[in-house]
Amino acid sequence: FGLSELPVDPDGRVRSVHHLVRYAPADGPARVLPSFALAGALALAGTRQVRVEGGVLRAGELAIPVGPAGDALLAFDAPESARDARGTLKRTVSAWRVAENARDRQRGVPPHYDNGLDGKVVVLTQPGTAPPLRTPVGEVRSAAALQGQALANMLHGNGTVRPLPGEELSWLYLMAFLGAFVGLTFAALVRSGPGAVVYLGLVGAVLSGWLLFTRAVFVHEHAWLRAAGPALAFVGTVVLSTLYAIRTDQQVGAFVTGVLGRYVSPEVARQVTKDLSLVRPERRRLTVCFVDIDGFGALAAEMPPDKLAVLLREFLSTTTEVIRRSAGQVDKYVGDAVMAFWGAPVRTEDHARVACQTVGAIRAALQARQADWEKRLGHRLPFRVGINTGEVVVGDLGSGLKSQYTVLGAAVNGAAALERLNRKLGTTVLVGHETAEAAGGDFIFREVAILKPASGGEPLRAMELLGPVSELDDAARAWLETYHAGYTHLQEGRRAEALAAFRSIESMDPVARYHVQRLGAGGSGGLAGTGTEG
C-alpha cells in the first residue's frame, strides 16, 4: 500500500512525487507513508528500510535523488509522451486480455495474446476515472502513468536532478547579463519600425532558445533548470538597458544637436553620435563657404518687417537644406549670411569638390524661387558666395554656458573676403586658388584678382567659379580665352594690351568691365593690398 496522490504545482503541472509523507490521524500516532511508487520499489527490493542522506533516497540497492522535503522530480524518458497519451510507460494492456489468456491456460490451449508482461512491473488502474494530468512534456491520461514513471525512475536510479543553488544563480546572472548585452547593443534598432520588429524578434528568439534549452535538459539530461527566474531576469534587463540606451541616445543626440546646431545632417549627426571625438578641437584642412544676400541693408530699410522676415527665413531655409543634403555643416547665420563648411566633423578628402557642387545646387535652388519671391514679396534676392580651402582649427570652441562647433583661421577670413569681393567685381561665386586646385578638372575657374592679407601671409588668388566643364559652350570658350589673354597682359605689366582685350568683352563680362574701369582711371587693374581680415 502507498499514497497515490500526486502534488500539482501552481501552474497546474505535475513535476514530482512525494515519496515520504507524514500522516497524522486525529485518533492515532503520526506515521510516515511511502508513495505508491516507493511502496512498489520496497516490495521489489524485499525491504521496508528507507534512509535519506546527501539528497539521495535509498531503499536496499535502489537509489533516487530527492529534495529536502523528500520529493523526487520525475525523469520523463519519452519526449513524445503527449502524442500517444501513455506517459513514459512502454505499454498499456487491457485487463480483459490478461483474463482471456488466464482462461486459455485453464482450458489448456495456447494464449490468444502476447501481452509481453514477463519480467515487467504492472500498475493496475481504472481508465477514465479522472481528468488527464498535465506535465512539463505534455498531457498524460492518468495518474497511474506518472506513478509507473516514478517507479521506473526508482528501479533505474535516474530521477531528475536539481542543480545546486550556486548553479541556478549562475544561470540567473548569465541571462541577466545576456539581456543587458542585447539591450545595450541592439537598442538602436528601435529607432525605426522594421528595426523594432527585428529587435523584438531577437528578444523573442533568445527567450525561446532558453525555454527550449531548459526543456531539452529536463527531458534528456534529467536536470531541472528553473526557466521562469532567468527568463524574467533576461526580460527585465532587456527593458531596463533598452530604456537606458534610448535615454542615453537621446541625451547624446541633444548634445550633438546643441554642439552642431539644429540644421546638422542626420547622417552626420549619426556618425558623431557614434564617435564623440569627432567634435574635439583639432587642426584640419577643410573648405569654408559664405552665402550672403547682396544689398540686404537697403532691402531691410524698405520692406515691411513681416515680409522681410518671410523672405529671410525662406532664403536661409533653402540654402541650409541644400547644404544639409551634401553632408555639409552649417556653422551659423551671420545676419543674412549662411556660414558653412565641409570636411568636418566627418572627415572627407573631396570637401572642395563637394563644396563647389553644393554651391551650384544652391544657385539653382535660389534661382528657382526668384520669380515666386518677386510675385509674393515684390523683390528678387541677388546673392554672393565665397569659398576657401585651408587649414583651420575646428571643433567645439564654445564656452561653458554654450557649446559651439565652429572653425577659426585664415581660411575662414579668406572665404569672407572672397564673398565681399564679389560686390566689387560683379561676380556671384569666388573661390580661393586652393579650392580650385583641390576641386579638380570638373569645374571652370578663372583668376580675377590677387588679395594680400592685411596681416601679412601668402596672397590669396581669387578664382571665379563659372560652372561645370560640361556647360562651357563655344561662345563662352571664345570670350574666356580673350579674358585670359587680357589678364596675362595685366599681370605682365602690358596695360595697353590688357585694356584692349578687356574692352572687347566688357559688354558681356563684369570682371572685364571692372578692369577696364581700373585701367582707364590709371590704376593697376589688380586688387593687390585688399585685406582679407575682418
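**Reading the labels**

Guide: Let's start with threonine 358, which is found in helix 11 (residues 351–377). Before we go on, this is a predicted model, in which local features need pLDDT of at least 70, side-chain atom pairs count only at pLDDT 80 or more, and totals for chains, interfaces and linings use all residues. Residues are numbered from 1 along each chain as its sequence is written, and side-chain values use heavy atoms, with hydrogens and water left out.

Visitor: What makes something a helix here, and how many helices and strands are there in the protein?

Guide: Helices (H or I, at least four residues) and strands (E, at least two) are DSSP runs, numbered from the N terminus. The protein has 16 helices and 17 strands.

Visitor: Why is threonine 358 called buried?

Guide: Buried means under 20% relative accessible area, exposed means over 50%, and partly exposed is in between (1.4 Å probe, protein chains only). Threonine 358 has a relative accessible area of 4%, so it is buried. Of the 534 residues of the protein, 40% count as buried.

Visitor: Which residues does threonine 358 touch?

Guide: Leaving out residues up to four places away in sequence, threonine 358 touches Val322, Ile323, Ser326 and Trp342. Contact means heavy atoms within 4.5 Å.

Visitor: What makes the pair of threonine 318 and arginine 369 a polar contact?

Guide: A polar contact is a pair of N or O atoms within 3.5 Å; within protein, one must be able to donate a hydrogen and the other to accept it, and residues adjacent in sequence count only if both atoms are side-chain atoms. The side chains of threonine 318 and arginine 369 make such a contact at 2.9 Å. Threonine 318 sits in helix 10 (residues 305–325), and its relative accessibility is 12%, so threonine 318 counts as buried.

Visitor: And glycine 116, is that buried or partly exposed?

Guide: Glycine 116 has 33% relative accessibility, so it counts as partly exposed. You will find glycine 116 in the loop between helix 3 (95–107) and strand 8 (133–135).

Visitor: Now for pairs of helices. How is their packing described?

Guide: Two packed helices are described by the angle between their axes and the distance between the axes. Axes are lines fitted to C-alpha atoms, for helices over the stretch in contact, and angles run from 0 to 180 degrees between N-to-C directions.

Visitor: What is the angle between helix 1 and helix 4, and what is that arrangement called?

Guide: Helix 1 (residues 36–45) and helix 4 (residues 143–156) pack at about 45°, with their axes 8 Å apart. That makes helix 1 oblique to helix 4. Angles under 35 degrees count as roughly parallel, over 145 as roughly antiparallel, 65 to 115 as roughly perpendicular and the rest as oblique.

Visitor: How do helix 5 and helix 6 cross?

Guide: The axes of helix 5 (residues 165–186) and helix 6 (residues 193–220) come within 11 Å and cross at roughly 165°. Helix 5 and helix 6 are therefore roughly antiparallel to each other. Their crossing is right-handed. A crossing is left-handed if the near helix is turned anticlockwise from the far one by less than a right angle, and right-handed if clockwise.

Visitor: And what is the arrangement of helix 14 and helix 16?

Guide: Helix 14 and helix 16 pack at about 30°, with axes 11 Å apart. They are therefore roughly parallel to each other. This crossing is left-handed. Tyr483, Tyr487 and Leu490 of helix 14 make the contact with Val511, His515 and Leu519 of helix 16. By class, the residues of this contact divide into 5 nonpolar, 1 polar and no charged. Ala, Val, Leu, Ile, Met, Phe, Trp, Tyr, Cys and Pro count as nonpolar, Asp, Glu, Lys and Arg as charged, and the others, Gly among them, as polar.

Visitor: Which residues of helix 16 are buried?

Guide: In helix 16 (residues 510–520), the buried residues include Val511, His515 and Leu519. At the start of helix 16, a side-chain oxygen of aspartate 509 reaches to within 3.1 Å of the backbone nitrogen of valine 511.
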